[in-house]
Amino acid sequence: MSGKDLVELKKAGVSDRTIQLIVKEKVIETAALSVDDIVNMKKVGVNEKTLRIMIKESSFLSNSEPVVYGRETQSIRHISAQDVIKLKNNEVSDSIIQYIIEATKSSDEIDRERAWHMLENLNLRIHTRDDR
């Protein structure tokens, strides 16, 4: 939900408690309800209790089971495209996924990247066998 959405909901008279429920149940993000739907319900006189019941019942999270990522904790050695897709499908942010990818790099990869950056900063060009 954007700041604009929040302002629109507040202007319509939606209470903070109801907005907190909207955020918790992710009804805007999952398109269960739109901001316009909620604003229009307020405009026609739907009270806060009824609105919260509607939000709770419309939520895709109401009957969902907790997401279990694994039975045991292990260090991450490699992250695959499938892993990234699963993380995105479970609403993990891009910045967290990027941190996970960075954390899975081996020390050799990190050292190699540092060396390339150092050479680039010195304006040195290295031609590999594939550059012919």
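This is a predicted model: local features need pLDDT of at least 70, side-chain atom pairs count only at pLDDT 80 or more; totals for chains, interfaces and linings use all residues.
Me: Which residues touch the most other members of the largest nonpolar core?
Reply: Leu9, Ile22, Ile38 and Ile55 do, in a core of 14 residues.

Me: And which elements give two or more residues to this core?
Reply: Helix 2 (16-25), helix 3 (35-43) and helix 4 (48-58). Helix 3 gives the most, with four residues.

Me: Take Ile38. What is it in contact with, leaving aside neighbours within four places in sequence?
Reply: Ile38 is in contact with Leu9, Val14, Ile22, Ile28, Leu33 and Leu51. Of these, Leu9 and Ile22 are also among the residues that touch the most other core members.

Me: Staying with helix 3, which of its residues are buried?
Reply: Val35, Ile38, Val39, Met41 and Lys42.

Me: Where do those buried residues fall, seen down the axis of helix 3?
Reply: They fall within an arc of 160°, so they line one face of the helix.

Me: What do they pack against?
Reply: The buried residues of helix 3 pack against helix 1 (3-11), helix 2 and helix 4.

Me: What about phi just after helix 3?
Reply: Gly45 sits there, with a positive phi of about 100°.

Me: Which residue has a positive phi although it is not a glycine?
Reply: Lys26 has one, at about 55°. For context, most residues other than glycine have a negative phi.

Me: Where is Lys26 found?
Reply: Lys26 is in the loop between helix 2 and helix 3.

Me: Is Lys26 buried or partly exposed?
Reply: Lys26 counts as partly exposed, because its relative accessibility is 27% and the buried class stops under 20%.

Me: Now Glu25. Which helix does it lie in?
Reply: Glu25 lies in helix 2.

Me: Buried or exposed?
Reply: Glu25 counts as buried, because its relative accessibility is 4%.

Me: What does its side chain make a polar contact with?
Reply: The side chain of Glu25 makes a polar contact with the side chain of Lys56, at 2.9 Å.

Me: Back to Lys26, then. What separates its C-alpha atom from that of Lys56?
Reply: The two C-alpha atoms are separated by 9.8 Å. Along the chain, Lys26 and Lys56 are 30 residues apart.

Terms used. Residues are numbered from 1 along each chain as its sequence is written. Side-chain values use heavy atoms; hydrogens and water are left out. A nonpolar core is a set of buried Ala, Val, Leu, Ile, Met, Phe, Trp, Tyr and Cys residues joined through side-chain atoms within 4.5 Å. Buried means under 20% relative accessible area, exposed over 50%, partly exposed in between (1.4 Å probe, protein chains only). Contact means heavy atoms within 4.5 Å. A polar contact is a pair of N or O atoms within 3.5 Å; within protein, one must be able to donate a hydrogen and the other to accept it, and residues adjacent in sequence count only if both atoms are side-chain atoms. The arc is that of the directions from the helix axis to the C-beta atoms.
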